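Subject: Structure for your review

Dear colleague,

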Amino acid sequence: MSSNRAPIVTERLVRRFGKIEAVSGVDLQIEAGDVFGFLGPNGAGKSTTVRMLTTLLRPTAGRAFVAGHDVVAEADAVRRSIGVALQDAAIDPLMTGRELVKLQATLHGISRAAGVRRGEELLETVGLTAAADRRVATYSGGMRRRLDLALALIHEPQVLFLDEPTTGLDPSSRVTIWDEVRKLNTEFGTTVFLTTQYMEEADQLARRISIIDAGKIVAEGTPMELKERVGDPTLTITLQHPDDAIDVERILMSFGEPASGSDGVVAVRLAGGSSRMPAVVRALDDADVEVHALELHMPTLDDVFLLATGKRLEGAEVPSSAEEVVT
Amino acid sequence: MSTAAQYLALSRRSVLGTIRTPIAVIPSLTFPLLFLALNSAALNRSIQLPGFPEVDSFLQFMFATTVIQGALFGAVTAGSSMATDIEGGFFERMIAAPASRSSILVGRVAGVAVFAFGQAWLFFAVATVFGLDVEGGLVGMLGLSLVASVVAAAIGALSVAFGLKTGSSEAVQGAFPMAFAIMFLSSAFFPRALMSGWFLDVAEANPFSYLIEDVRYQVIAGFSWSRLVTALAIAGALFAAGLVLSGLALRGRLKETS
Amino acid sequence: MSAAAVTWGIAERSVKLIPRVPSTFIPSLVMPVFLTIAFSGPFASLVDLPGFPADHILDWVVPFTALQGCAFAGITTGMGLARDLENGFYDRILMSPAPRSALLWGAFVATILRAGIALALMLLVGVVSGAHFRDGIVGIAALTIAGLGLAFAAGAWAIGLALRFKTQQIAPLMQTGVFLSTFLSTAQMPVELMTGWLDDVASVNPVTYVLALARQGFLGDVTWAVTQDGLLALGGMIVVLVAFAYRGMQKVIP
Ligand SMILES: Nc1ncnc2c1ncn2[C@@H]1O[C@H](COP(=O)(O)OP(=O)(O)O)[C@@H](O)[C@H]1O
Ligand SMILES: [Mg+2]
């Protein structure tokens, strides 16, 4: 099956805990080199899915392949290919960062010398060299997540699982982790499976997103596709000469229903999605309209979630004000 | 609410709390009986040793110890549940309530005393099935169970003091082996007449030795008023010390919270 | 090889953690010392009973409390494992490709190392208290085999429980197992001097034979007959309990 070559594939994956069905028939296919965002509210089934994919939990039904290996039948091969940073960064608070790195290298069969070298490199990368001999109990939340990331990378895994890597972190620590993930993905081509409750995080990092709610996938696609599904993006044009507004409105008729605001601002919901942008620009150019600013307001992922489930995601950003401009 | 009614309500809460969490009373009920069973079987021959008091069996010799040991076990739960209450905020609510403050203490301690009394009779029933004969009869048994109540109240008050002082149920549980150790370093498990050397000195300095010997007398010899009064006096002195210490600890707590 | 490296890595961590979680390990050292006093002090005159095999109570008690100390030190590995399983750290270990049996053997090696500390302390207690090492180094060797072997079995019991229940609240069950199996033996009396039900229980309890292995060098000369029974009892206990731990490891991913 060619689909098995994708680093992560699940087929109608199910996990029950007694009567609770935490994951109900999830199908996923993640391509090599992707950053995949698994977005969903608390209790949606994200961690349960990750635990099945990382061989910690046996699926009740369905199948899953990671790096081409069955997570149940070939658990060992899967373990060799993955790096995992679990939710809550379960790190023994009594150990030091350096001890943990060393243990992790040993567990992955890396020789002592190579383990030390690689460990020092990673500690340096995540900025923990100075704190490496302190017990983890004294680390801040952000330091723990960074150490967790370093531990997950010790054996240069093909596939990296990050379960809510920034939940509970302050904004600047969050951005540090994001940068690290981006770098890994672009420099080493590591495939990343990232779960998050934050729309913004999925939007920032993920090339493809699946939204899970109550164990079921309710929407999937690129962030752009998902947002377009909710509704058309709004293009706001600020004109150099407010007098042009009437003409511009006429030109924009063929793209949607334009509306003028004050001071030469014209907004339109682009009926054909953001791909119509160039055509709009060309049409304005042909009519010799001088444009001061052009802004495309996309609906947020929060809107996507709202559309798919009928409820808002906790902790989501305030919805965009684009609509208000139109009406 | 009258003070007496408050005391009653709080002791009721304490007793019911103990009974409703059976997990907490299982060690108190089983360990002393287990030790009794084990020692009766292992050490029964030792009663033939010259100098061993006249007894039917090692079971009869040790029964009083088992009852007191059960009281110790039960009493420590008072302190640790007091500490759990402090951790869980019950204490603050109680302070806010217009209840008399000493009733917090007395309620807790009375609960343990009642429990120890009942437990003594339960042990009596079990041991009787295995051939125990209490020479002092039901009056002797009543005396033994009364002393057990006072000992429980005393250790309860001490562990409440410790619980109030530390506010940690773990610390109280951790201190429990101390009570156990004090009992081992006495004549609770073997007659003083057969001890020698430094251990005899320790056992003779340990008031627990006399307390146990006096209640044991009710079981192995017959009812004796004077010995019962001595045992009650020792237990009562311990209780008074416990009350003073826990009163001080309670005052310290109240100062912290108000 | 990497399996050996994993085993050593796990064992090394466990030993390093001893001083960092003193609340688990210290009681396992204090208890046997205390029990030595509690079982020798009051009962010193038991040696006067006709047929009692020891001339001095400490020769009878020290090997017993030494074994108990080893067993209690051994189950602290299980407590540590329960802690790792409870707080999720063990997930990290399980997600690695390290062979599961290497992980288990790491815990077993740690058990024996921890028991070694308790044994050393109890030997010191034996010397200080004046117990008689009648068969010298051979007797000490017999005690060492008995102590570390029993710790291995007790550790496997605790590890098996930890893997099944994944919570530190299971610690009392670990301890109860050690308490019952050691006390329902010839802990206080030889079988011939027991009465009632206990002699039946003690004669089928393998710990009785391990205890005989440990005691022989304190009571007289080490003999092959006693040693053989002790080794068989140890072997049986270890095989069964190690299997119990292995089954637990298989169940850990439900
Ligand atoms: N070990 C477990 N036993 C019972 N229920 C569980 C277990 N793990 C997760 N669940 C339940 O499964 C559902 C999904 O949980 P989880 O996968 O942790 O969600 P998320 O990671 O998306 O917040 C929740 O209802 C949770 O309570
Ligand atoms: Mg989760």
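How far is an oxygen atom of ligand 1 from a polar backbone atom of A:G45? The separation is 3.0 Å. Please bear in mind that this value, like every other in this message, comes from a predicted model.

The surroundings of ligand 1

In A:S47, an N or O atom of the side chain is 2.8 Å from an oxygen atom of ligand 1. In A:N42, an N or O atom of the side chain is 3.3 Å from an oxygen atom of ligand 1. Taken alone, ligand 1 exposes 560 Å², and the protein buries 61% of that area.

The residues around the ligand include A:F17, A:A22 and A:P41, as well as A:K46 and A:T48.

Helix pairs

Two packed helices are described by the angle between their axes and the distance between the axes.

In chain C, helix α6 (residues 136-165) and helix α10 (residues 224-251) have axes that come within 8 Å and cross at roughly 20 degrees. Angles under 35 degrees count as roughly parallel, so α6(C) and α10(C) are roughly parallel to each other. Their crossing is left-handed. The residues of the contact between α6(C) and α10(C) divide into 19 nonpolar, three polar and three charged.

Also in chain C, the axes of helix α1 (residues 2-17) and helix α5 (residues 100-129) come within 7 Å and cross at roughly 40 degrees. The helices α1(C) and α5(C) are therefore oblique to each other, and their crossing is right-handed.

The remaining pair belongs to chain A. Helix α3 (residues 97-107) and helix α4 (residues 112-125) have axes that come within 9 Å and cross at roughly 130 degrees. At that angle, α3(A) and α4(A) are therefore oblique to each other. The crossing of α3(A) and α4(A) is right-handed.

Yours sincerely,

A colleague

Terms used. Residues are numbered from 1 along each chain as its sequence is written. Chains are lettered from A and ligands numbered from 1 in the order in which they are written. This is a predicted model: local features need pLDDT of at least 70, side-chain atom pairs count only at pLDDT 80 or more; totals for chains, interfaces and linings use all residues. Side-chain values use heavy atoms; hydrogens and water are left out. Axes are lines fitted to C-alpha atoms, for helices over the stretch in contact, and angles run from 0 to 180 degrees between N-to-C directions. Helices (H or I, at least four residues) and strands (E, at least two) are DSSP runs, numbered from the N terminus. Angles under 35 degrees count as roughly parallel, over 145 as roughly antiparallel, 65 to 115 as roughly perpendicular and the rest as oblique. A crossing is left-handed if the near helix is turned anticlockwise from the far one by less than a right angle, and right-handed if clockwise. Ala, Val, Leu, Ile, Met, Phe, Trp, Tyr, Cys and Pro count as nonpolar, Asp, Glu, Lys and Arg as charged, and the others, Gly among them, as polar. A residue is near a molecule or strand if one of its heavy atoms lies within 4 Å of it. A polar contact is a pair of N or O atoms within 3.5 Å; within protein, one must be able to donate a hydrogen and the other to accept it, and residues adjacent in sequence count only if both atoms are side-chain atoms. Accessible areas come from the Shrake-Rupley method with a 1.4 Å probe; for residues, only the protein chains shown count as cover.
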